[in-house]
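Okay, everyone, thanks for coming. Let me put this one up on the screen, and then we'll walk through it together.

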Amino acid sequence: MEPLDDAHARPAGASDDLVSAVGALSEALERIERARGALYEFHQLTGGADAQLDDVVDTLRAEGHGDLAERIADELIGLNAIAGRWTFQIVEEFDDGYYATWRELERTVRDATMGGRRHVLEAEMKARRRTAGRAGHEATPGS
């Protein structure tokens, strides 16, 4: 099977099992990327909800429910999402620790085993599944 291009070619000596394992590691990192996106969504949704409480408190006060407004102002506005942390702190810790470790190790493995090439497994799958010479099945843009 001919590689799609040099950037995705299997390095000499790389076994099917190695290409598969590195592909699985990259896929796992893609899941971590999605989890990171969900964490940022959590961060933005939580912060937006907290900010929205200002109007709720103002309206409750204006409508004669000062006791409820004060409870929300004192107990809920600015409340830590988890012990000692707002969501920005959770995001920062995730990014600087867990996420950074994933990215560094995935790149290290890819560099050591695939010559830094990304998506070798997927490129080989594309090469197997495309119909050579058929429109819409080109190996690369402009080919």
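Apart from neighbours within four places in sequence, Glu124 is in contact with Met1, Arg10 and Val19, where contact means heavy atoms within 4.5 Å. Glu124 sits in helix α4, residues 120-129. Is Glu124 buried or exposed? Buried, at 10% relative accessibility; the cut-offs are under 20% relative accessible area for buried, over 50% for exposed and partly exposed in between, with a 1.4 Å probe and protein chains only.

Before I go on, some housekeeping. What you see is a predicted model, where local features need pLDDT of at least 70 and side-chain atom pairs count only at pLDDT 80 or more, while totals for chains, interfaces and linings use all residues. Residues are numbered from 1 along each chain as its sequence is written, and side-chain values use heavy atoms, with hydrogens and water left out.

Now the whole thing. Along the principal axes, the C-alpha trace spans about 75 × 35 × 20 Å.

How much of the protein is buried? Buried residues make up 21% of the 143. As for contacts with a separation of 6 or more, 68% of them are between residues 24 or more positions apart.

Last stop, the aromatics. Searching the whole structure turns up four aromatic pairs; rings of Phe, Tyr and Trp (its six-membered ring) pair if their centres lie within 6.5 Å, and planes under 30 degrees apart count as stacked, over 60 as edge-to-face and the rest as tilted. One of the pairs is Phe94 with Tyr99, which is stacked, at 6.2 Å centre to centre and 20° between the planes. Phe94 is buried at 17% relative accessible area, and Tyr99 is buried too, at 10%. Phe94 and Tyr99 also belong to one aromatic cluster with Tyr98 and Trp102.

That's my tour, so over to you.

Notes: Helix = DSSP H or I, 4+ residues; strand = E, 2+ residues; numbered from the N terminus.
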